[in-house]
Amino acid sequence: MWDEQCLDGTEKEKSHPLYFFSYHFPLPASFFRFIMSLSLVSIVSQTTLAELGRASNTRKIFEESNQRRQTHGSDVCDFSLGNSVVSPPQAFREALQQISLDPPSNVHSYLPTTGLPQLRENIAKCLTKWHNVEISKDCVLMACGASAAINIVLHTILPADSEVIIPTPCFGEYIRYVENMRCKVVLVPCLPNYELDVEAIRAAINDKTRVILLNNPNNPTGKVYSQKTLVDLSKVLMDVFEHRKETTPDNPSPVFLLSDEIYRLIHYDQSTPIFSTFAAYPYSFLVSSFAKDFALPGERIGYICISPALVDQCLIDALSSSTRVLGYVGCPSMMQHVLCKCLENGFDYAPVLAEYRKRRDRLHAILLDAGLQCPLPEAAVYLFPKVPEGVTDKEFADLLRAQNVFVVPGSSFLDPTSVRLAFCVDMDVIEKSAPKIKLATQQARAHHN
Ligand SMILES: Cc1ncc(COP(=O)(O)O)c(C=O)c1O
């Protein structure tokens with residue numbers, strides 16, 4: 001009876017008392033599964049259960065907007081996830097075609113854990129140009145996206161129980177990455193203009209501080225940190241290192257800067273270049289990916305760049321080892337070949353930037369017209385307007401959602417004063433959202449008065 005009607009139990013299920021009961025008093029498999037689901041707690045670890053409660057809010061909103069689309073179709077304006085509709089540079093499509101027509105023999109093979117040597121070389125050449133600092137192939141290691149790159153660096157350089165300073169607003173997933181390494185997050189709010197508050201960072205540093213995790217340009221604010229800010233921060237960190245050399249001469253460690261520069265090319269004011277973290281501070285790591293600049297988030301391809309002042313074989317081996325320990329092994333082979341070819345051929349980013357600028361300017365005008373306060377972002381693909389007075393970020397997001405406009409409350413980025421809109425969507429979505437945003441803002445005001 002069991003075999004016919006009930007499940008083919010796993011070892012864990014067979015050891016369950018209900019298995020015995022069900023064998024003698026046959027019940028439908030669905031009943032057994034239901035009862036087993038009630039005891040899920042014993043399967044999923046407490047740590048993971050706790051994490052479930054903090055699952056990415058942005059993803060949840062994105063999934064809800066997808067569901068809403070099934071009933072409300074094109075009336076839905078989804079500004080939740082940074083999933084760009086803008087095409088990658090034309091050179092990428094050409095390289096993709098070249099690789100598919102004439103694939104290298106190792107196009108689907110395991111590649112070295114550090115990545116395809118020629119791609120590392122080509123990325124190093126781009127970084128040398130962008131940073132105006134000589135960067136060699138040895139500094140560059142490929143990773144499955146910026147998320148993997150951050151985790152690999154943290155795993156490599158964070159001793160347990162150390163502390164990581166994160167300026168806010170920030171990409172919310174950073175918190176989980178640091179806590180996953182059994183380390184403590186120390187949040188330091190930025191200044192009202194979203195520049196780093198260097199004095200507050202200085203005050204937050206203690207003997208356990210090991211890393212400052214920056215996002216430049218920033219998600220969600222679109223802020224690009226000024227040269228002065230980065231140089232001031234560097235002076236503070238150099239002072240800390242000098243002090244540590246005096247107080248712990250046997251084992252002094254600098255505070256490392258880990259700079260996530262995933263939005264570097266989406267920078268609207270090309271006349272003031274983004275100041276190089278490497279030029280500012282020698283004890284730095286940079287991470288990036290092709291998810292945003294090249295609009296290839298699903299391809300899972302990014303990289304780590306070690307400061308030229310730090311690079312040595314032991315560090316490369318350690319990062320490589322962390323890549324395997326964390327289970328990434330390498331990153332997608334075919335995409336490495338395509339990007340290698342694309343960078344070799346050269347690419348024109350101006351048309352891509354023009355597409356983003358058009359969307360930024362239009363949605364920004366819509367927000368201002370609705371009466372919202374919103375700085376014009378210098379970079380990236382997000383607008384971060386202030387929430388109208390008298391409502392919380394979640395209440396304002398709910399009012400917008402009632403109009404089929406999906407945004408992410410600022411508390412997901414550790415700043416509940418604002419909401420975030422990703423503008424890398426179709427222009428008609430932006431146009432359609434104008435009256436809806438205006439109405440929700442009026443409702444928020446009426447709610448307050
Ligand atoms: C600041 C920041 N860092 C990292 C990531 C994740 O990048 P990837 O998709 O390359 O892992 C994102 C994605 O939105 C991001 O905004």
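How many residues surround the ligand, and which are the closest?

**View 1. The shell around the ligand in the predicted model.** The ligand is surrounded by 13 residues, and the closest are G145, A146, S147, S289 and A291; a residue counts as near a molecule if its C-beta atom, placed from the backbone, lies within 6 Å of it. By class, this shell holds five nonpolar, seven polar and one charged residues, where Ala, Val, Leu, Ile, Met, Phe, Trp, Tyr, Cys and Pro count as nonpolar, Asp, Glu, Lys and Arg as charged, and the others, Gly among them, as polar. Helix α9 gives the most to the shell, with three residues. Residues are numbered from 1 along each chain as its sequence is written. Because the model is predicted, local features need pLDDT of at least 70 and side-chain atom pairs count only at pLDDT 80 or more, whereas totals for chains, interfaces and linings use all residues.

**View 2. Helix α9, residues 145–157.** Helices (H or I, at least four residues) and strands (E, at least two) are DSSP runs, numbered from the N terminus. The 13 residues of α9 reach 19 Å from the first C-alpha to the last, close to the 18 Å expected at 1.5 Å a residue, a span taken as 1.5 Å times one less than the number of residues. Because 11 of its 13 residues are buried, α9 is largely enclosed by the rest of the structure; buried means that 20 or more other C-beta atoms lie within 10 Å of a residue's own, these atoms being placed from the backbone. Among the buried residues of α9 are N151, L154 and I157.

**View 3. The largest nonpolar core.** Such a core is a set of buried Ala, Val, Leu, Ile, Met, Phe, Trp, Tyr and Cys residues joined through C-beta atoms within 7 Å. Of its 116 residues, A143, A149, V153, I304 and F423 touch the most other members. The largest share of this core, eight residues, comes from α9. Domain 2 (50–87 + 350–448) and domain 3 (106–345) both give residues to the core, so it lies between them; the domain bounds come from an automatic or database domain assignment.

**View 4. Strand β5, residues 209–215.** Seven of the seven residues of β5 are buried. Strand β3 (residues 163–168) pairs with β5 in the parallel sense over three bridges, pairing being assigned if DSSP finds at least two bridges between two strands. V164 has V211 in β5 as its bridge partner.

Technical notes: Buried ≥ 20, exposed ≤ 12 C-beta atoms within 10 Å, placed from the backbone.
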